[in-house]
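Please keep the structure open while reading.

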Amino acid sequence: MTELRSFFDSTPLLDSPAALLSRLRAEGYLYLRGVLPVADVAAVRRHVLAVADQAGWLLPADAGEPAPQADPHAAVWDPAPAYRSVHRRMWAHREVHALMHHPRLLALLTTLTGHADLLVHPRKVLRAVHPRPVPGPAETGWHQDWPEIQGSEQTLTVWTPLAPAGPGTGALAILPASHRDGILPLRLASTAIGWEANVHPQHAHSGAVAPGDVLIFTAHTVHRGTPNTGRHLRLSLDVRYQPASAPIYETCLELRDEPYGWDAQWPAREGDPLAYYWKRHTHLNVIPYDPRFDLWRERTALAAGERQGPGARRALQITAAYSSPPAATRAAALLRGLPATRTGS
Ligand SMILES: O=C(O)CCC(=O)C(=O)O
């Protein structure tokens with residue numbers, strides 16, 4: 001059992017770049033209050049909640065409640081098609097993307113990376129996590145972003161809630177100083193992403209995070225989402241920033257995975273500085289994806305499937321859905337052979 005302690009609050013260091021950097025280097029993360037204007041975050045939240053409401057995800061608003069509750073009968077999770085079609089409508093909205101290009105964030109990231117010419121990764125992640133009153137597979141286990149994003153060692157992730165996040169809705173938990181241990185081995189897990197970092201931490205940092213607050217962490221910092229056991233959707237954005245001249249792996253830029261491709265974003269993009277903004281960086285250092293992590297994951301999924309071992313089901317589902325043949329075909333066949341009662345956990 002991991003004990004959760006409060007985040008170190010680095011807000012008092014905001015006026016001292018050297019102290020901020022030294023805290024980031026020591027702990028692998030920064031928790032900073034009030035970086036984004038609350039009104040700008042609220043505008044994005046209104047859009048996301050309006051889409052959720054149209055999709056029937058919310059209960060009728062109660063006059064006494066500050067925010068509408070999630071309808072437990074409508075709960076769906078990524079990657080279910082019923083989740084993705086709604087999520088896609090939330091994501092393809094200009095203000096969602098513009099928030100993460102906010103001048104206050106860019107100024108902060110310029111200080112932290114030492115580079116004014118920053119690249120904001122186009123692959124921005126919007127999460128709308130339904131409550132799970134009955135424990136189910138966690139959304140994410142302990143992980144580092146590096147195997148997914150690769151590219152630059154200087155990449156920093158910003159995680160920010162669109163609505164109050166905390167013990168009720170779940171938020172983020174971070175293992176302080178874990179970025180110093182390099183890239184950690186993975187193990188199978190019954191989480192939404194199928195694998196997690198092979199760590200058994202005694203304590204982690206977590207806590208309530210308000211709209212406008214940001215958590216910033218390195219690509220090697222171990223972190224996870226904490227479960228939403230409350231009554232509201234947990235709404236957050238996580239986006240990566242790096243010096244524009246540093247290596248970036250091609251799929252982080254091009255968003256080829258429909259329906260999240262850039263050609264299907266918000267309407268009226270003619271002349272919009274946010275549309276295809278990265279094409280204006282003329283010196284991007286685009287590198288090919290290093291498939292070693294994916295190959296390792298496929299191998300462990302198939303090996304666990306062969307022996308019908310613990311954790312096999314989720315990893316096989318992911319391999320069947322996202323890998324290419326022959327691994328995907330083999331994973332699908334192994335899945336069909338798993339005993340129906342086995343949960344894979
Ligand atoms: O919000 C979450 O549940 C997980 C976020 C995460 O893993 C990330 O920001 O890299």
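**Rings, ligand shell and selected positions**

Tyr277 and Trp278 are both buried. The model they belong to is predicted, and its local features are reported where pLDDT is at least 70. The points below take up the aromatic pairs, the charges over rings, the ligand shell and two further residues.

**Aromatic pairs**

- The structure contains six aromatic pairs.
- One of them joins Phe7 and Tyr31 in a tilted arrangement, with 5.4 Å from centre to centre and 35° between the planes.
- This pair connects distant parts of the chain, since its members are 24 residues apart: Phe7 sits in the loop between strand 1 (3-6) and helix 1 (17-27), and Tyr31 belongs to strand 2 (residues 29-32).
- Phe7 has a relative accessible area of 8% and is therefore buried, the cut-off for buried being under 20%.
- Tyr31 also has a relative accessibility of 8%, so Tyr31 counts as buried.
- Tyr277 and Trp278 form an edge-to-face pair, with 5.5 Å between the ring centres and 90° between the planes.
- The Tyr277–Trp278 pair is called edge-to-face because its planes are 90° apart, and the class applies to planes over 60 degrees apart.
- Phe7, Tyr29 and Tyr31 are linked into a cluster by ring pairs.

**Arginines over rings**

- Arg23 lies over the face of Phe8, 5.3 Å from the centre of the ring.
- Arg224 is placed over the face of Trp142, at a distance of 5.7 Å from the ring centre.

**Ligand shell**

- The residues surrounding the ligand are Arg127, His143, Asp145, Trp159, Leu172, Phe217, His223, Gly225, Arg234, Asp238 and Arg240.
- Sorted by class, this shell has five charged, three polar and three nonpolar residues.
- Strand 12 supplies the largest share of the shell, with three residues.

- For Asp145, a polar side-chain atom is 3.1 Å from an oxygen atom of the ligand.
- For Trp159, an N or O atom of the side chain lies 2.9 Å from a ligand oxygen atom.
- For Asp238, the distance from a side-chain N or O atom to an oxygen atom of the ligand is 3.4 Å.
- On its own the ligand has 290 Å² of accessible area, and the protein covers 99% of that area.
- Two elements give two or more residues to the shell around the ligand, namely strand 11 (223-225) and strand 12 (234-243).

**Two further positions**

- Pro167 is located in the loop between strand 5 (156-161) and strand 6 (172-174).
- With a relative accessible area of 72%, Pro167 is exposed, as exposed stands for values over 50%.
- The C-alpha atoms of Pro167 and Ala70 are 16 Å apart, and the two residues are separated by 97 residues along the chain.
- Leu24 is part of helix 1.
- Leu24 has 6% relative accessibility and so counts as buried.

Note on methods
Residues numbered from 1 in each chain as written. Predicted model: local features only at pLDDT ≥ 70, side-chain atom pairs only at ≥ 80, totals over all residues. Heavy atoms only, no water. Phe/Tyr/Trp six-rings, centres within 6.5 Å; stacked < 30°, edge-to-face > 60°. Helix = DSSP H or I, 4+ residues; strand = E, 2+ residues; numbered from the N terminus. Buried < 20%, exposed > 50% of the residue type's maximum accessible area, 1.4 Å probe, protein only. Lys NZ or Arg CZ within 6 Å of the ring centre and 35° of its normal. Near = heavy atom within 4 Å. Polar contact = N/O pair within 3.5 Å; in protein donor to acceptor, adjacent residues only side chain to side chain. Areas by Shrake-Rupley, 256 points an atom, 1.4 Å probe, with all protein chains shown as cover. Nonpolar A, V, L, I, M, F, W, Y, C, P; charged D, E, K, R; others polar.
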